[in-house]
Amino acid sequence: MDSLTQAALGGAIGELLLGKKMGKRGAIVGVIIATIPDLDIILIPFCNDLQRITVHRAYSHSIVFSIIGAIIISFILSKIKSFKEISFIRLYIFSWLALFTHMLLDAFTTYGTQLFLPFSDYRVGFDSINIVDPFYTLPLLVGLLITLYSKNQNKSRINKIGLLVSTFYLMFTLGIKQFVNGKFETALKKQKIEQFDLLSVPVNIGSVNWYGVAKTKDSIYLGKYSFLKTQSPIHYESFPVNDTLLNILDPNLADRLIWFSKGFYTVVKDKDKIRLYSLQVDMRGIKQIGKYKAPTVGFFEITSNPDKSYKLQYKEH
């Protein structure tokens, strides 16, 4: 999720586990540790076109990294005078939770997280919450700030309440997703669209507006559902997948783009360029450009060079 949310979650964990002995310093250290996984963005300027779409939420967002990173961080903290009174086991649990909850929270978003590296590059994604969602962030942040700046003796209880409310909302989004999936599946069957894989993703603020993406052997079907409107039957727009266009691309490039999209994509040819719309990570609604209708706003554009190299760019209509 966004950096503010990750920092707030780390701070809340720090206050919960270290607050009694460390005061505000426990929350501050939690904030710092929770932001460490996102330092992988520093590598982006040193990556080639293809590596840029795979480097984020990779090794620094894996379970292995959380385990090893927590050992290193705990060892460093244990050597600092102000942490001497805290046991190494408690420091380790705190450090591991600050790292792992960052990764786990990212896994609830549509981008997904490569939790199982280096053993598997499978991207875990529950697709139930937006990268920015104030309904999750605000209880967490408000609870933490009140706890840090209140003089009430029971102030730590507010932080716990904030954590519980945010966690309950996060779990609630999974229930919402199952309900919405049922709506999408019913509409697909009514329109006699069968043998499909279904992807549903929330859009905008909260988990009230959703897009459904159904993939059959040769087509993608896009539909929308909202809790805020009197719902008419879900209408699906179809787009051909055009898998054969990938055959003219570098095999490794095609494989990585399919991986990044988790199989939910469409491909079109524009003169000498190939466009791939990844509906797993970009779903902002159908875009009408003159007579051309695009499944979403953003796309990867691949330009092949005579020497068999290529240029990969992310663009928007």
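Reader: Which residues make the nonpolar surface patch of about 910 Å²?

Author: Welcome! This is a predicted model, where local features need pLDDT of at least 70, side-chain atom pairs count only at pLDDT 80 or more, and totals for chains, interfaces and linings use all residues. Residues are numbered from 1 along each chain as its sequence is written, and side-chain values use heavy atoms, with hydrogens and water left out. Patches take residues with over 30% relative accessible area and no salt bridge, joining like charges within 9 Å and nonpolar side chains (Val, Leu, Ile, Met, Phe, Trp, Tyr) within 5 Å. The patch is made by Ile67, Ile68, Ile71, Ile72, Phe75, Ile76, Ile80, Phe88, Ile89 and Ile93.

Reader: Which helix gives the most to the nonpolar patch?

Author: Helices (H or I, at least four residues) and strands (E, at least two) are DSSP runs, numbered from the N terminus. Helix H3 (63-78) and helix H4 (88-107) each supply at least two residues of this patch, and Phe88 has its place in H4. With six residues, the top giver is H3.

Reader: Which residues form the positive surface patch?

Author: Here Lys and Arg count as positive and Asp and Glu as negative, while His and the chain ends are not counted. A salt bridge, which rules a residue out of a patch, is a side-chain nitrogen of Lys or Arg within 4 Å of a carboxyl oxygen of Asp or Glu. Helix H1 (3-22) and helix H6 (156-190) each supply at least two residues of the positive patch. Its members are Lys20, Lys21, Arg90, Arg157 and Lys160.

Reader: Which residue in E3 stands opposite tyrosine 211?

Author: Strands E2 (residues 209-215) and E3 (residues 219-226) are antiparallel partners, paired over seven bridges. Across from tyrosine 211 stands lysine 224.

Reader: Which residue in E10 stands opposite isoleucine 302?

Author: Another open sheet of four strands has the order E5-E6-E9-E10, also with antiparallel pairing. Within it, E9 (residues 298-304) is joined to E10 by seven bridges. The residue facing isoleucine 302 is leucine 312.

Methods:
Two strands pair if DSSP finds at least two bridges between them. Accessible areas come from the Shrake-Rupley method with a 1.4 Å probe; for residues, only the protein chains shown count as cover. The place of a charge is taken as NZ of Lys, CZ of Arg, CG of Asp or CD of Glu.
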